[in-house]
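Subject: Structure handover

Hello,

Here is the structure I promised you. Please open it and keep it in view while you read my notes below.

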Amino acid sequence: MSQNLKGLLQSEIGSDVTFQVGNELFRAHKSILAARSPVFKAQFFGLVGNPHKEKVAIEEFDPFTFKAMLLFLYSDELPEPHELSDSYSLCTSITIAQLLLAAADRFVLARLKLMYEAKLCEDIIARTVAVTLALAERYQCQELKSVVKSDGFANLGKSYPSLLMDLLMTSTVLKASSAPPMSPLSPNWPEYPMLLI
């Protein structure tokens, strides 16, 4: 069934809303979006919603992130990098996870948030721990926050105190930042994208 719905998204058959995200347009189906997200349900069918609205501008996300979220909404699966762009070599499933936590938070997609929390917990490494903890704080990800309480994190502080200091400094800077996540397709995407979120 997920393949059929993904095919429906790609074919645009019966679509009744167009999202303008940056310079790209995405056609979708209000009923599917409303079934998956309480935010879309309220936007299209709530007391102040407009079921006749045919075009919606999305400013807080780039096309890459929005497309990834749409793929999840239609398939209930984590999108693969190759589904998102011809330049998929620029991103990893961890990068996508970081970007989609913001979308999951904005559109109240609890399942997507839990899936990516688990993914980030599985793949946490020294280079990504600061960003992971900043994401945990920003989006109230309890599973990610539990990483701080683990024995491994305590041992990290004992074995590598300078790394822990770097981690705390990075986490403070990231916490203060209110900029939306950057897409890996952005010309400003750095060599180490995990340090940007």
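Start with the strands. Strand β2 (residues 24–28) runs antiparallel to β1, and five bridges join the two. Keep in mind that this is a predicted model.

Look at the turn of that hairpin next. Two residues sit between the strands β1 and β2. G22 takes a positive phi there, near 60 degrees.

β1 has another neighbour. It pairs with strand β3 (residues 55–58) over four bridges, this time in the parallel sense.

Q20 shows both pairings well. Its bridge partner in β2 is L25. Its bridge partner in β3 is A57.

Is β1 (residues 17–21) largely enclosed or open? Four of its five residues are buried, so the rest of the structure largely encloses this strand.

Now the charged side chains. Side chains of opposite charge can pair when their charged atoms come close. How many salt bridges does a search of the whole structure find? The search finds four. Here are some of them.

**E77 and K6**
The closest N and O atoms of this salt bridge are 3.9 Å apart. E77 lies in the loop between α4 (63–75) and α5 (81–84), and K6 in helix α1 (residues 2–11), so the pair ties together parts that are 71 residues apart in sequence. K6 is buried, at 7% relative accessible area; the cut-off for buried is under 20%. E77 is partly exposed, at 35%.

**R36 and D76**
In this salt bridge the closest N and O atoms are 2.9 Å apart. R36 belongs to helix α2 (residues 30–36) and D76 to the loop between α4 and α5, so parts that are 40 residues apart in sequence are tied together. R36 counts as partly exposed, with 29% relative accessibility. D76 is partly exposed too, with 26%. Which residues form a network of salt bridges with R111? R36 and D76 are linked with R111 in that network.

**E60 and R106**
These side chains meet in a salt bridge of 2.5 Å, N to O. E60 lies in the loop between β3 and α4, and R106 in helix α6 (residues 93–106), so this pair ties together parts that are 46 residues apart in sequence. E60 is partly exposed, with a relative accessible area of 30%. R106 counts as partly exposed at 36%.

Then move on to the salt bridges.

Best wishes

Note on methods
Residues numbered from 1 in each chain as written. Predicted model: local features only at pLDDT ≥ 70, side-chain atom pairs only at ≥ 80, totals over all residues. Heavy atoms only, no water. Buried < 20%, exposed > 50% of the residue type's maximum accessible area, 1.4 Å probe, protein only. Pairing = 2+ DSSP bridges.
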